[in-house]
Amino acid sequence: MDPQDLENISTMLESEVQLREKIKERVVELDKKARTVTGLLNKVHSTPFNSLPKLTEPVTQTLLSCQPITAALAEIIPPNEFWRWKDMWSNSIRTLVFAAGFVEYLTFRKLITIDQVSERLELPPEDYLQGIISLVNELSRLAVNSVTMGNFDEPIKISLFVKDIFAGFSMLNLKNDILRRRFDSLKYDLKKVEEVVYDVSLRKLSSAPLDIEADVR
């Protein structure tokens, strides 16, 4: 091999190693934030609904503190190389999307939009959808735990919300294999929520309307 070529290759490899380390430093910071919000939101399942603002506020602040980290990542990544490196931070970003979506639901009973998330985090559509699927997974768990805490209206509100998300996903042409498999899991979450709603309705424990057109707030 040509000595000059070898030197150029060696320089390129060294630059790549340095770039990877810089990205890794930022990703470690994101991972810490993701673990923090996950730990905080796990308390939702044992927190009375009227006490949730005290829980969601620190989550919101932690999410906002991710902006400088994602901005730093954007500066580090060379032009046109986003897709080459994105797998290093995708899991953290998806967790943060889930957290932002959970807070949005708990606060406003609304689905957070991709534009809202993009104001705080840089992300491709696949990561947004993965985060929303995780949100549905968690809401099916909340439906069960809400009944345990005596909040019998919550499963019905969750049911309406999850059905709307499921209908939206059904309209997408998902070509990503991982996304398709995870979408299939939504069917089981929806069934789980519907079973809770059926039990609550059968026992006449809830005053919330079952009509799909009802205001879920």
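Mentor: Start with terms: helices (H or I, at least four residues) and strands (E, at least two) are DSSP runs, numbered from the N terminus. This is a predicted model; local features need pLDDT of at least 70, side-chain atom pairs count only at pLDDT 80 or more, and totals for chains, interfaces and linings use all residues. Residues are numbered from 1 along each chain as its sequence is written, and side-chain values use heavy atoms, without hydrogens and water.

Trainee: What makes up the secondary structure of the protein chain?

Mentor: Nine helices and zero strands. The order from the N terminus is α-α-α-α-α-α-α-α-α.

Trainee: Where does Arg109 lie?

Mentor: Arg109 sits in the loop between helix 5 and helix 6 (114-120). Its phi is near 60°, a positive value in a residue other than glycine. Most residues other than glycine have a negative phi.

Trainee: Why is Arg109 called buried?

Mentor: Buried means under 20% relative accessible area, exposed over 50%, partly exposed in between (1.4 Å probe, protein chains only). Arg109 has 9%, so it counts as buried.

Trainee: And Asn80: buried or exposed?

Mentor: Asn80 has 84% relative accessibility, so it is exposed. It belongs to the loop between helix 3 and helix 4 (82-85). Phi of Asn80 is near 65°, again a positive value in a residue other than glycine.

Trainee: How many residues of the protein chain are buried, as a percentage?

Mentor: Of its 217 residues, 40% are buried.

Trainee: What makes a set of residues a nonpolar core?

Mentor: Its members are buried Ala, Val, Leu, Ile, Met, Phe, Trp, Tyr and Cys residues, joined through side-chain atoms within 4.5 Å. The largest such core here has 55 residues. Those with the most contacts inside it are Ile23, Trp89, Phe102, Leu139 and Phe169. Among the elements that give it two or more residues are helix 1 (3-41), helix 7 (125-148) and helix 9 (177-202). Helix 5 supplies the largest share, 10 residues.

Trainee: Which residues does Phe169 touch?

Mentor: Contact means heavy atoms within 4.5 Å. Leaving out residues up to four places away in sequence, Phe169 touches Leu129, Ile132, Ile133, Leu174, Phe183 and Leu186.

Trainee: Which domains does the assignment give?

Mentor: Domain 1 (10-123) and domain 2 (124-206). The bounds come from an automatic or database domain assignment. Their C-alpha centres lie 22 Å apart.

Trainee: How many residues of domain 1 are in contact with domain 2?

Mentor: 27, and they meet 22 residues of domain 2.
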